[in-house]
Amino acid sequence: MPPTDAQRRARDKWLSEKVETINLRVPKGSKEIIRTHAEKHGESTNAFVYRTVMEAIQRDEQADSDR
């Protein structure tokens with residue numbers, strides 16, 4: 001059953017208030033590798049990419065503070 005107009009409006013309102021979008025371009029074939037890896041670990045592609053980026057930020061910040 002497709003969403004109603006009210007459901008679409010509620011979803012769009014929630015998205016505009018709670019999340020931001022980043023478009024990520026990867027070399028051909030990489031998307032499937034990323035998706036498959038995320039799936040093996042029980043994550044969505046989005047969750048995996050977000051977690052990976054946040055871990056890299058923490059690692060970089062730790063390295064910066066160690067200097």
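A: Points are joined across faces, edges and corners, and a volume is the space filled by probe spheres set on them. This is a predicted model, where local features need pLDDT of at least 70, side-chain atom pairs count only at pLDDT 80 or more, and totals for chains, interfaces and linings use all residues. Residues are numbered from 1 along each chain as its sequence is written, and side-chain values use heavy atoms, leaving out hydrogens and water.

So, the largest pocket: its volume is about 680 Å³. It's lined by 19 residues, and Ile-22, Leu-24, Asn-46, Val-49 and Tyr-50 are the closest to its centre. Two elements, H2 and helix H3 (45-66), each give two or more residues to that lining; helices here are DSSP runs of H or I, at least four residues, numbered from the N terminus. H3 gives the largest share, six residues.

Stepping back, the protein chain has three helices and zero strands. Its radius of gyration (over C-alpha atoms) is 17 Å, well over the 11 Å from the globule rule (2.2 Å times the number of residues to the power 0.38) for 67 residues, so the chain is more spread out than a compact globule. Its C-alpha atoms fill a box of roughly 55 × 30 × 25 Å along the principal axes.

Definitions and conventions:
On a 1 Å grid over the protein atoms alone, a cavity is a set of points where a 1.4 Å probe fits but cannot get out, and a pocket is an open set with protein on both sides within 12 Å along at least five of seven lines; lining residues have an atom within 4 Å of a point.
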